[in-house]
Amino acid sequence: MTRGKNGRPDRKMKPIILVLCEGETEESYVENLKQKYRLPIKIVSKNEFIAVLEKNNESK
């Protein structure tokens, strides 16, 4: 691990993966992948996602 200016190791950013699902089938597929590969994925409903987008647009 590389060292920053202050002598401490630099932190690595966790990747963010966005998966847009239209129905329950896709959501269950992603959930199975999450369990099989132990991926740090958070499944968000369409309504929650839209609310986050609107909130981000208002703050800009």
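Helices (H or I, at least four residues) are DSSP runs, numbered from the N terminus. A helix's expected span is 1.5 Å times one less than its number of residues. This is a predicted model: local features need pLDDT of at least 70, side-chain atom pairs count only at pLDDT 80 or more, and totals for chains, interfaces and linings use all residues. Residues are numbered from 1 along each chain as its sequence is written, and side-chain values use heavy atoms, without hydrogens and water.

**Helix α1 and its end**
- Helix α1 covers residues 24-37, 14 residues in total, so at 1.5 Å a residue it should span 20 Å; the end C-alpha atoms are 20 Å apart, which agrees.
- R38 is not a glycine.
- Most residues other than glycine have a negative phi.

**Loop between α1 and α2 (46-59)**
- R38 sits in this loop.
- Its relative accessibility is 75%, so R38 counts as exposed (over 50%).
- L39 lies in the loop too.
- Beyond neighbours within four places in sequence, L39 contacts L33 and K34 (heavy atoms within 4.5 Å).
- L39 and I17 are 22 residues apart in sequence, and their C-alpha atoms are 9.9 Å apart.

**Lining of the largest pocket**
- By class, the lining has 14 nonpolar residues (Ala, Val, Leu, Ile, Met, Phe, Trp, Tyr, Cys and Pro), six charged (Asp, Glu, Lys and Arg) and two polar (the others, Gly among them).

Conventions: Helices (H or I, at least four residues) and strands (E, at least two) are DSSP runs, numbered from the N terminus. Buried means under 20% relative accessible area, exposed over 50%, partly exposed in between (1.4 Å probe, protein chains only).
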